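The report below describes a predicted model. It moves from charged side-chain pairs to the sheet and then to individual helices.

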Amino acid sequence: MQPRNMSMSGVVDLAAVKAAQEAKAKAEQARAEAARQGGGGAVSPADLVIDVDEAGFERDVLQRSAEVPVVIDFWAEWCEPCKQLSPLLERLAVEYAGRFMLAKIDVDANQMLMQQFGVQGIPAVFAVVAGQALPLFQGAAGEAQIRETLDQLVAVAEQRFGLTGLTVDPDAGPGSAQSAPAVPAGPYDALLEAAVQALDAGDFGGAVQAYKNVLSEDPANMEAKLGLAQAELLQRVQGVDPQQVRKDAAEKPADAQAQIAAADLDLVGGHVEDAFGRLIETVQRTVGDDRDAVRIRLLELFEVVGGEDPRVAAARRALARALF
């Protein structure tokens, strides 16, 4: 998963790692402030599912997302699929025991929020983590798929932002929600900050090495994985002649390396679907080592965008069809 800003436009943000660091710092400050004001208590299971309107969105979703991932269920009384999905999400919110909160938004009463999130149809499910929004899924979904999505959300929230969720006490009364004690910063913060500074300075090689240093010690570190994918992309396109790359790609549609180079430029320019579509079409035109090289680069670009992005999910399905 890969946190995004509220506009949900231009998912590939080359400053995403820096934004994640800043959001993580804000989340830690918010938890520290809550602790100073008497936080650290437990939450009732009833606190894990809340109804949210436009007036309370800032407090109940944006501010709360600095303590725990907030899953948003856009629903309406007339929506038949919502009548199956909403109870399932409510049950999972309780079962996950504070690792996320569920905010239910009635679209009929909250048209502005529906428009801000770009909801085209319901049910639609989003999440907000450390003040940054990302789409999860739209329409009916099976419980297994929903659990997998929630597991990814919880993992990213903890690994990238240090959000460990809420402590749940079945005997606590409603309205007692407090954040769990903050987890001390990990041992890699200095290396990650060095990588961000290298990116800011245009030292992409230095950033790549810094992220690799983290991953050599912590191969599952999500922030370092995302940062490495972005830094390597920037390093590849540094100094290339865009016009020549585009010319080569247009003249050689079956040339794997020409299409790979053009796809890198597509992604840096924010043209996510173009980059994915170009490489999927090239997979269909090539064989052997060339096809494998294109497939590997496409998987690398998936890492840059983030596995939770619906465009990645769609491209994975298209790649599977192209391969098999």
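Asp 264 and Arg 297 are joined through their side chains in a salt bridge, with an N to O distance of 3.0 Å. The two partners come from distant parts of the chain, since Asp 264 belongs to helix 10 (residues 256-268) and Arg 297 to helix 12, 33 residues apart. Both Asp 264 and Arg 297 are buried in this predicted model.

## Other charged pairs

Across the whole structure, the search for salt bridges finds 18. Side chains of opposite charge can pair when their charged atoms come close. One of the pairs is formed by Glu 143 and Arg 91, whose closest N and O atoms are 3.0 Å apart. Because Glu 143 lies in helix 5 (residues 143-161) and Arg 91 in helix 3 (residues 80-95), this pair ties together parts that are 52 residues apart in sequence. Glu 143 has a relative accessibility of 29% and therefore counts as partly exposed, and Arg 91, at 40% relative accessibility, also counts as partly exposed.

A further salt bridge is made by the side chains of Asp 292 and Arg 295, at 2.6 Å from N to O. These two residues are three apart in helix 12, so about one helical turn separates Asp 292 from Arg 295. Asp 292 is partly exposed, its relative accessible area being 33%, and Arg 295 is partly exposed with a relative accessible area of 26%.

Five strands form an open sheet in the order 1-3-2-4-5, and their pairing is mixed. Strand 1 (49-51) and strand 5 stand at the edges and have a single partner strand each, so one side of each is left without a neighbour in the sheet. From one strand to the next, the twist averages 25°. Strands of a sheet pair through backbone hydrogen bonds, either parallel or antiparallel.

Strand 2 (residues 70-75) pairs with strand 4 in the antiparallel sense over five bridges, and Val 71 stands opposite Ala 127 of strand 4. Strand 4 (residues 124-129) in turn pairs with strand 5 in the antiparallel sense, here over six bridges, with Ala 133 in strand 5 as the bridge partner of Val 128. The hairpin of strand 4 and strand 5 has two residues between the strands, and in this hairpin Ala 130 takes a positive phi near 50°.

## Strand 5 and the helix across it

How much of strand 5 is covered, given that it stands at an edge of the sheet? Strand 5 (residues 132-138) is mostly covered, with five of its seven residues buried. Helix 5 lies across strand 2, strand 4 and strand 5, and it runs at about 165° to strand 5. Helix 5 is also the element that contains Glu 143, the partner of Arg 91 from helix 3.

## Helix 7

Helix 7 (residues 204-217) consists of 14 residues and reaches 21 Å from its first C-alpha to its last, which is close to the 20 Å expected at 1.5 Å a residue. Its buried residues are Phe 204, Ala 207, Val 208, Ala 210, Tyr 211, Val 214 and Leu 215. Seen down the axis of helix 7, these buried residues fall within an arc of 165°, and they therefore line one face of the helix. The face turned away from this buried side carries Ser 216 and Glu 217, which are exposed.

## Helix 13

The 14 residues of helix 13 (residues 310-323) should span 20 Å at 1.5 Å a residue, and the 20 Å between its end C-alpha atoms agrees with this. Which residues of helix 13 are buried? They are Val 312, Ala 315, Ala 318, Leu 319 and Ala 322. Because these residues cover an arc of only 125° around the axis, they are placed on the same side of helix 13.

On the other side of helix 13, the exposed residues are Arg 317 and Arg 321. The cover over the buried residues of helix 13 includes helix 11 (272-285) and helix 12 (288-305).

Technical notes: Residues are numbered from 1 along each chain as its sequence is written. This is a predicted model: local features need pLDDT of at least 70, side-chain atom pairs count only at pLDDT 80 or more; totals for chains, interfaces and linings use all residues. Side-chain values use heavy atoms; hydrogens and water are left out. Helices (H or I, at least four residues) and strands (E, at least two) are DSSP runs, numbered from the N terminus. The expected span of a helix is 1.5 Å times one less than its number of residues. Buried means under 20% relative accessible area, exposed over 50%, partly exposed in between (1.4 Å probe, protein chains only). The arc is that of the directions from the helix axis to the C-beta atoms. Contact means heavy atoms within 4.5 Å. A salt bridge is a side-chain nitrogen of Lys or Arg within 4 Å of a carboxyl oxygen of Asp or Glu. Two strands pair if DSSP finds at least two bridges between them. Axes are lines fitted to C-alpha atoms, for helices over the stretch in contact, and angles run from 0 to 180 degrees between N-to-C directions.
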